[in-house]
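I set out to record what can be looked up in one structure. The entries below follow the order in which I consulted it.

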Amino acid sequence: MITNISAFKKAPSRLLGRRVVYLYSNKGKSTTGRITTVSSCNKKLLQLSVVMDDGTILLRSWKSFSLLD
């Protein structure tokens, strides 16, 4: 099941360690990974650092990811 991350904007630290999926819009594929850091400012979720399963690290806006439950 895929869930939008926006529900966690008020408590972004709850996202740490959660599994996410990232969809590559130009490549037509998706990868999964685990959230390692969350950067927030004024209680607005700004960016997530995610270690993907293939070892790459993505630093993207929270809107780029969806939660895997």
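**Entry 1: the salt bridge**

I searched for salt bridges, taking one to be a side-chain nitrogen of Lys or Arg within 4 Å of a carboxyl oxygen of Asp or Glu, and the count came to one. The model is predicted, so I note its limits: local features need pLDDT of at least 70, side-chain atom pairs count only at pLDDT 80 or more, and totals for chains, interfaces and linings use all residues. Residues are numbered from 1 along each chain as its sequence is written, and side-chain values use heavy atoms, with hydrogens and water left out.

The partners are D53 and R19, whose closest N and O atoms are 3.0 Å apart. I located D53 in the loop between β4 and β5 (57–61) and R19 in strand β2; the pair links distant parts of the chain, 34 residues apart. R19 has a relative accessible area of 26% and is therefore partly exposed; buried means under 20% relative accessible area, exposed over 50%, and partly exposed in between (1.4 Å probe, protein chains only).

**Entry 2: the chain as a whole**

I found zero helices and six strands in the protein chain. Both kinds of element are DSSP runs numbered from the N terminus, helices being H or I with at least four residues and strands E with at least two. The radius of gyration is 11 Å, close to the 11 Å that the globule rule gives for 69 residues, so the chain is as compact as a globular protein of that length. This radius is taken over C-alpha atoms, and the rule is 2.2 Å times the number of residues to the power 0.38. Along its principal axes the C-alpha trace spans about 35 × 20 × 20 Å. Of the 69 residues, 29% count as buried.

**Entry 3: strand pairing**

Which strands does β2 pair with? I counted a pair where DSSP finds at least two bridges between two strands. Six bridges join β2 to β3 (residues 29–41), and the two run antiparallel. Three bridges join β2 to β6, also antiparallel.

Four residues lie between β2 and β3, which form a hairpin; in the turn, G28 has a positive phi of about 70 degrees. Strand β1 (residues 2–4) is joined to β6 by three bridges and runs antiparallel to it, with I2 opposite L68.

**Entry 4: the nonpolar core**

I then examined the largest nonpolar core, which has 15 residues; I5, L15, V20, L48, V50 and F65 touch the most other members. Such a core is a set of buried Ala, Val, Leu, Ile, Met, Phe, Trp, Tyr and Cys residues joined through side-chain atoms within 4.5 Å. At least two residues each come from β2 (19–24), β4 (44–52) and β6 (65–68). The largest share, four residues, is supplied by β4.

For V20 I listed the contacts (heavy atoms within 4.5 Å), not counting residues up to four places away in sequence; among them are I5, I35, V50 and F65.

**Entry 5: a loop residue**

Lastly I looked up S13, which sits in the loop between β1 and β2. Its relative accessibility is 53%, so S13 counts as exposed. The C-alpha atoms of S13 and S40 are separated by 9.3 Å, the two residues being 27 apart along the chain.
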